[in-house]
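Have a look at the sequence and the structure, then work through the notes.

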Amino acid sequence: MTVRVLLADDQALLRGTFKLLIDSCADMEVVGEAANGQEAVDLARARHPDVVLMDIRMPGTDGLAATAAICDDPELSGTRVLVLTMFETEEYVAKALRVGASGFLGKYVTTDVLLSGIRTVASGEALLSPGATRALITRFLTGPAPGPLLAPPERLDDLTPREREITALAAEGKSNDEIAGQLFLSVLTVRSHIQRALTKLGARDRAQLVVIAYQTGLVRPTPRGT
């Protein structure tokens, strides 16, 4: 299957570079380019890409507002947003995840990491590194103003004990392979539990599942320095 990518960045040179890189891959194609957030939303609604590669700082409607509009649109439930920015601050990461982004990368990443990230997000996985991004999740998603709840805490009652356990491990930043190894399960079994948890909690992807786990108290933030 070819991954259809929409580019949203106010710098034409960068868009051109990303387009050449992505179109050089047999399993990807660029289906549109936007110079600001509103253009990104309009093009997403017109072309229904699999992934939007979204810059944050753009004139007019910025990338965070555009991400929120795309992720809130039921007609775009199959579209994932991967934020790519020079400003990889903790605040931006937290806001991007809260409004529905499925991943967050700095523009300094290598081409291999970028292409892998697009494929990861397109597959429905969250692009959350086990190091710095995990710390950002625990620090911000349970802050004093975490934004609207994606699911009420009582929805956790719909999960089986195993689904709760695996959801909690995913929220800690563990990959499916790591969870499978820790629980002595197959990766396929872990994926099945994750998918059932997504369905029961109404989460669009793994990133939203992580947000829900923290907002509902299934996972507690790790104190700084631990």
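**The chain at a glance**

The chain has 10 helices and five strands; helices (H or I, at least four residues) and strands (E, at least two) are DSSP runs, numbered from the N terminus. Keep in mind that this is a predicted model, where local features need pLDDT of at least 70, side-chain atom pairs count only at pLDDT 80 or more, and totals for chains, interfaces and linings use all residues. Residues are numbered from 1 along each chain as its sequence is written, and side-chain values use heavy atoms, with hydrogens and water left out.

**The sheet**

- Five strands make an open sheet, and they line up as β2-β1-β3-β4-β5 with parallel pairing (two strands pair if DSSP finds at least two bridges between them).
- At the edges you'll find β2 (28-34) and β5 (103-106), each with a single partner strand, so one side of each has no neighbour in the sheet.
- From one strand to the next, the twist averages 25° (axes are lines fitted to C-alpha atoms, for helices over the stretch in contact, and angles run from 0 to 180 degrees between N-to-C directions).
- Strand β1 (residues 3-8) pairs with β3 (residues 51-54) in the parallel sense over four bridges, and L6 sits opposite V52 in β3.

**Helices on the sheet**

- Helix α1 (residues 12-23) packs on the sheet and touches β1, β2, β3 and β4 (80-85), where contact means heavy atoms within 4.5 Å. The direction of α1 makes about 160° with that of β2.
- Helix α3 (residues 63-72) also packs on the sheet, touching β3 and β4, and its direction makes about 165° with that of β3.

- β4 and β5 pair in the parallel sense over four bridges, and V83 has F104 in β5 as its bridge partner.
- From β5, G103 and L105 point one way while F104 and G106 point the other way, and all are buried (buried means under 20% relative accessible area, exposed over 50%, partly exposed in between, with a 1.4 Å probe and protein chains only).

**A closer look at H193**

- You'll find H193 in helix α9 (residues 187-201).
- H193 counts as buried because its relative accessible area is 13%.
- Setting aside neighbours within four places in sequence, H193 is in contact with R162, E163 and I166.

**Whole-chain numbers**

- Of the chain's 226 residues, 49% count as buried.
- Take the contacts between residues at least 6 apart in sequence: 67% of them join residues at least 24 apart.
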